[in-house]
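Hi everyone, thanks for coming. I'd like to walk you through a structure that may be new to you, so please have a look at the screen.

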Amino acid sequence: MAEYRAEIIIWMFSGTLSLVMMLVWMAQADAAPGGQVRGYSPEEFAGYFLSIWVVSQLMVVWVSWEIDYAIRQGQLSPQLLRPLDPIWPHFIGHVTERFVRALPMFALVFVFTLLTGAKFTTQWWAYPAAFGLVTLGFTARFLWEYTLGLLAFWTENTTSFQEVVWLIYAALGGMLAPLTFLPDWAQTIARWTPFPYMLGLPAQLLTGKATPDQALHGAAILAGWLVLFWFVRLWVWRRGLGRYGAVGA
C-alpha cells in the first residue's frame, strides 16, 4: 500500500504544468505596473493555478491506456463473459483512487499556499459548487477517454489521439492561463467545448472570480456533454464489439 501511495505522489508531481505556469504568471504580475496583470495579483495567480492543479489532479484518467491494452492483449474477452459492462470496474477504480490521492494532494496545496501566499475565496458556496463541476467534469473526461481507448478496435495506436485531446483540454481549459487571457476567437471556440467548465471555472470559483450563475451555466453545459459522451461511447462500443467478434477474439 505504501508503494502504491508513493507511486501516486510521483504521478502528482509529473503533472506540474500548472505549477510552472503559476510561477511564470506570478513573476509577470510582480514586474507589472501596479503589481497586477488583467486584475490578477501574484497571490491571485497562485490561488488560481493551485486550484487548477487540484482540479486537474481530481480529473486524472488513465482508462484509455487500460482499454487499449485489454483489446490488444485479448484481455477484454473474459470481461465480456461477466454480466456487468466492463466500464464500471474501471470507473469504480478511478473513483477510489481519488481517496488515496486526496491526503498528499491537499498537504502539497497547504505547503504551496504557505510559500506563495495564495488567495482563495471565503464564500462557502463556491467550494461545493466547484466540487459539483469537478464531479461532472471527471465523469465526462472518463467517458471520452474510455471512448478513445475503444479506438484500438480499429487502430494500431490510440496514444496520438489521447495526446492531441489532452493538449486541447489543457489550452482551452485554462491550464496555461485564465480563459479571459486568450484571444477573443479562442475564447469563443473554448465556450463550445466542455474544457473551460471542467478546469478554469472551478478554479475561478475557488478564487472568487466566478458567480453562482456562471457555476449553474457551466454545470448545465457539462451535463449536456456528459450525456453526449455516454451515447457516443455506447455507439463506439457496440460497433467495436462487432469488429472484435468478427476477427475471432
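A word on how to read that: helices (H or I, at least four residues) and strands (E, at least two) are DSSP runs, numbered from the N terminus.

Before going on, a note on the source. This is a predicted model, in which local features need pLDDT of at least 70 and side-chain atom pairs count only at pLDDT 80 or more, while totals for chains, interfaces and linings use all residues. Residues are numbered from 1 along each chain as its sequence is written, and side-chain values use heavy atoms, with hydrogens and water left out.

Back to Arg-38. Its phi is near 50°, a positive value in a residue other than glycine. As background, most residues other than glycine have a negative phi. Arg-38 counts as exposed, because its relative accessibility is 58%; buried means under 20% relative accessible area, exposed over 50%, and partly exposed in between (1.4 Å probe, protein chains only).

Now the whole protein. It has twelve helices and zero strands. The radius of gyration is 20 Å, close to the 18 Å that the globule rule gives for 249 residues, so the protein is as compact as a globular protein of that length. That radius is taken over C-alpha atoms, and the globule rule is 2.2 Å times the number of residues to the power 0.38. Along the principal axes, the C-alpha atoms fill a box of roughly 70 × 45 × 30 Å.

How much of the protein counts as buried? The share is 47% of the 249 residues.

Next, contacts, meaning heavy atoms within 4.5 Å. Among contacts with a separation of 6 or more, 79% are between residues 24 or more positions apart.

Let's go inside. The largest nonpolar core has 70 residues, and those with the most contacts inside it are Trp-25, Phe-45, Met-59, Ile-71, Tyr-146, Leu-150 and Tyr-169. Helix 7 (residues 126-150) gives the largest share of this core, twelve residues. By nonpolar core I mean a set of buried Ala, Val, Leu, Ile, Met, Phe, Trp, Tyr and Cys residues joined through side-chain atoms within 4.5 Å.

Which residues does Phe-45 touch, not counting those up to four places away in sequence? They are Met-22, Trp-25, Met-26, Ala-29, Val-37, Tyr-40 and Phe-181.

Two of those names, Met-22 and Met-26, come back with Thr-116, which lies in helix 6 (residues 87-116). Leaving aside neighbours within four places in sequence, Thr-116 is in contact with Met-22, Met-26, Glu-43, Ala-46 and Leu-50. Thr-116 counts as buried, at 15% relative accessibility. Thr-116 and Leu-76 are 40 residues apart in sequence, and their C-alpha atoms are 47 Å apart in space.

Tyr-40 also returns, this time with Pro-178. Pro-178 lies in the loop between helix 8 and helix 9 (184-191). Is Pro-178 buried or exposed? Pro-178 is buried, because its relative accessible area is 0%. Beyond four places in sequence, its contacts are Tyr-40, Tyr-48 and Phe-49.

Last stop: Gly-240, in helix 12 (residues 212-246). Why does Gly-240 count as buried? Its relative accessibility is 0%, so it counts as buried. Leaving aside neighbours within four places in sequence, Gly-240 is in contact with Phe-153 and Trp-154. Gly-240 and Ala-152 are 88 residues apart in sequence, yet 8.7 Å apart in space, C-alpha to C-alpha.
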